[in-house]
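Please examine the aromatic side chains of the model shown below. The paragraphs that follow lead through one part of their arrangement.

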Amino acid sequence: MGNGWHEWPLMIFTVLGQCVAGGFIALTFALLRGRQTDTQRHRIIRTMFGLWVLMGIGFAASMLHLGSPLRALNSLNRIGSSALSNEIAAGSLFFAVGGLGWLLAVCKKLPLPLYRVWLLIAAALGVVFVWMMARVYDSIDTVPTWFTLWTPLGFFLTMFTGGPLLGYLLLRLAGYQACAMRGLPVVTLLALVASLAVAVMQGIGLGTISSSVAQAGSLVPDYGELMVWRAGLLLVALGIWVLPQRRNSLPGLPVLSLAFVLLLAGELIGRGVFYGLHMTVGVAVAG
């Protein structure tokens with residue numbers, strides 16, 4: 001029993017990976033729908049470096065979980081038949097395509113038509129990455145607490161909670177007047193509401209899952225308290241982000257950075273609970 005913090009490398013990898021995928025989608029949306037000058041577009045693309053830094057941190061954390069880079073390479077041997085291999089391959093492909101396209105765009109070696117194609121392909125690869133990440137867990141029928149709809153929903157909701165804020169932060173870092181992106185907080189708000197609903201439904205469902213030796217509800221005794229902390233941090237982060245806009249002003253970088261840190265803290269708490277709910281059983285009973 002516990003709160004899952006012993007799996008901190010995986011917590012960092014999954015949460016950062018999902019936020020980066022969502023952040024890239026937010027920036028893609030801004031770049032394709034906006035009417036930026038070449039200078040503005042170049043500034044926005046340069047700030048994408050922040051995405052690849054976070055992605056690199058996430059992959060470094062995953063290496064710590066695997067024990068060595070060699071194990072990560074070996075895990076690619078079963079692409080197509082292993083969920084873990086598919087996850088690493090999808091994440092590596094997203095990282096490679098996104099990073100290489102970013103480098104070409106920064107060096108102004110990517111023609112505008114290819115630049116648009118690159119954004120769309122990399123954004124789609126980000127979605128595939130998150131889906132493959134979820135499949136690592138929701139395909140294990142011997143772990144009934146993960147073998148549910150709540151696993152993929154939780155992963156994608158993290159993408160839609162953290163991604164818009166990360167994208168907005170990078171847009172502001174580029175000096176972009178993000179008034180046209182006021183819809184991003186709405187996406188985060190809707191994802192947050194959905195996340196709270198998932199937490200409640202999952203908590204109710206834990207009482208119906210048991211084995212001959214364990215009751216799912218006892219795996220994380222502080223489930224309710226931890227979820228309240230998570231919800232509180234996410235709500236504060238959203239409030240810090242939205243409040244300046246309610247006053248017809250754009251939030252500054254320090255405010256947005258604080259909001260993103262609080263959001264990360266909240267999502268890490270939720271992911272810790274997720275790993276804390278691990279229970280391997282031979283025979284499970286879902287009432």
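Trp52 is a buried residue, since its relative accessible area is 7%, where buried means under 20% relative accessible area, exposed over 50% and partly exposed in between, for a 1.4 Å probe and protein chains only. This is a predicted model, in which local features need pLDDT of at least 70 and side-chain atom pairs count only at pLDDT 80 or more, while totals for chains, interfaces and linings use all residues. Residues are numbered from 1 along each chain as its sequence is written, and side-chain values use heavy atoms, with hydrogens and water left out.

The structure contains 20 aromatic pairs; rings of Phe, Tyr and Trp (its six-membered ring) pair if their centres lie within 6.5 Å, and planes under 30 degrees apart count as stacked, over 60 as edge-to-face and the rest as tilted. One of these pairs joins Trp52 to Phe94 in an edge-to-face arrangement, at 5.8 Å centre to centre and 65° between the planes. This pair links distant parts of the chain, as Trp52 lies in helix 3 (residues 49-66) and Phe94 in helix 5 (residues 83-106), 42 residues apart; helices are DSSP runs of H or I with at least four residues, numbered from the N terminus. Phe94 is buried, with 0% relative accessibility.

Trp52 also pairs with Phe95: the ring centres are 6.1 Å apart and the planes are at 25°, so this pair is stacked. Phe95, in helix 5, is 43 residues from Trp52, and is partly exposed at 25% relative accessible area.

Conventions. Helices (H or I, at least four residues) and strands (E, at least two) are DSSP runs, numbered from the N terminus.
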